[in-house]
Amino acid sequence: MSDRTPRNRDPQKKADKVRQVAYKVVRQVTSEGGYANLVLNKALRDARLAGRDAAFCTELVHGTLRWQGTYDAFLARCVDRPLNELDPELLDVLTLGTHQLLRMRVDSYAAVDEMVTLTRVMIGHKRSGLVNAVLRKISQRTFDQWIDAVAPSIEENRLLHLAVAKAHPTWEVEAFARLLGDDELEDLLDADNEPPRVTLVARPGLSTVDELIEAGASRAKWSPYAAVLQSGGDPGRIAAVATGRAGVQDEGSQLVALALANAPIEGSDTAWLDLCAGPGGKSALLAALVEKRDGALTAVEPLEHRAELVRANLRAIPGDHQVLVGDGTKPTWAEGSFDRVLADVPCSGLGALRRRPEARWRRTPEDVEELRPLQEDLLDSAITSVRSGGVVAYVTCSPHPDETRAVVDAVLAKRDDATLEDARELFPDVPELGDGPDVQLWPHRQGTDAMYLALIRRS
């Protein structure tokens, strides 16, 4: 890695367009609470970036956000004041530069020079000297050398070492270690740091996997409706996606919806409920499936703007489906109105760290604790909403035990009209589902988000 000092800069040089877009996206995420995937997609469209430029910008944004906590530990050794005393926009420039220097194939001279220019244009000339000095210090070591410098050795404190080396907050590493043990922990952390592939769903009756394959995707492993888009592909350019006949949906998300749809029940099977529907990916898959049984889906979402996303997802689905804006814990329908109910409850999102790079640094143990009462109330409402003999799927995009089995056990302990059933048989050919009766998927095992499902039957 070169440690050349940038000299003779042109004071009139313009900031690189791609890096400017990346900087603006990172600023929106870190200062305004934006979601990287949503902000980045809009920014790429607005700037008309495609191909290699779009790929570079995506890696720069996602990598900077994914490794933010680790880079903070490196930068703390290079700045003569606490990082929280730096202006946030300056810290964002430094982390963008650090990612280019340590984890992208960017020449160190070019990385430092471009970030100094970006600083001068976006923040002000006076800050460019500090950026130059700090990034030159960063460039003097490799990534692994920086880990050795700032983290305890793996023999001294394995979990803290992994937290720094694998870019996860310590509390998350400790929680995953309790679930997986030593053998699989590093595999999970590495999987969380791999950029996820774009997975598509061919909505039943509207599109097929073969159509998606003809459009450039390849068949996925587990879901019969899933296809994987090749790296760099834009799903919006596929006709089936553009028209709503197909959508973007992680394979784990498809599998838990299919498990609910395929669970055996006797009697009527035409009234389905999605109790926490936004943004509507599972709603669309369930609506397409229930329509083939001459039934309809009711989708409930408390926030109007998210309810509109659900409506958009359902627009192409035939049938008399409806979207209600309301609180799922306070049903406006009669008890036992539905044959199947999905309760995909709000959660920490620790199961989707691959596709939400900023989420790991936003969440705290207190978030898990604070969500627990709502999760229990929603599951209790879901059981009350299903008829005798009907089934409820309790789903989270989190493997944290306080959001999964602990919630199920707490709710079932208060009721004598519901039982937990073995859901593993509803995931045919999918390996390593856990000890049951519930199911936990993992990025490092199945290549999906870490989706959890408990299947409950009302008696």
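**From the glycine loop to the annotated cysteine**

Gly 278 touches Glu 301, Arg 306 and Val 310, leaving aside residues up to four places away in sequence. The model is a predicted one. Gly 278 sits in the loop that runs between strand 5 and helix 14. Because its relative accessible area is 15%, and buried means under 20%, Gly 278 is classed as buried.

Ala 277 is placed in the loop between strand 5 (271-274) and helix 14 (281-291). Ala 277 has 6% relative accessibility and therefore counts as buried. Beyond residues up to four places away in sequence, Ala 277 touches Ser 283, Ala 299, Val 300, Glu 301 and Val 310. An unreviewed UniProt entry gives the feature "binding site" at a set of positions that includes Ala 277, Gly 278, Glu 301, Asp 327 and Asp 344.

Cys 397 is found in the loop between strand 9 and helix 18. With a relative accessible area of 11%, Cys 397 is buried. Setting aside residues up to four places away in sequence, its contacts are Cys 347, Gly 349, Leu 350, Gly 351, Ala 352, Asp 449, Ala 450 and Met 451.

The elements on either side of that loop can be taken in turn. Val 386 belongs to strand 9 and is buried, at 1% relative accessibility. Val 386 touches, among others, Phe 338, Val 341, Val 392 and Arg 458, not counting residues up to four places away in sequence. Val 386 and Glu 186 are 200 residues apart in sequence, and their C-alpha atoms are 40 Å apart in space.

Helix 18 covers residues 405-413, and its buried residues are Val 407, Val 408, Ala 410, Val 411 and Leu 412. An α-helix has 3.6 residues a turn, so residues three or four places apart point the same way. The buried residues of helix 18 pack against helix 17 (365-385), strand 9 (386-396), strand 10 (418-421) and strand 12 (452-458).

The nonpolar cores remain. The largest has 54 residues, and those touching the most other members are Val 25, Leu 49, Cys 57, Val 61, Phe 74, Val 131 and Ile 138. Val 131 touches Leu 90, Val 93, Leu 94, Met 115, Val 116 and Thr 119, not counting residues up to four places away in sequence. Apart from this core lies another, of 45 residues, and Cys 397 is one of its members, along with Val 201, Leu 206 and Val 439.

How values were computed
Residues numbered from 1 in each chain as written. Predicted model: local features only at pLDDT ≥ 70, side-chain atom pairs only at ≥ 80, totals over all residues. Heavy atoms only, no water. Buried < 20%, exposed > 50% of the residue type's maximum accessible area, 1.4 Å probe, protein only. Helix = DSSP H or I, 4+ residues; strand = E, 2+ residues; numbered from the N terminus. Contact = heavy atoms within 4.5 Å. Core = buried A, V, L, I, M, F, W, Y, C linked by side-chain atoms within 4.5 Å. UniProt positions renumbered as here; feature names shortened; annotations may be inferred.
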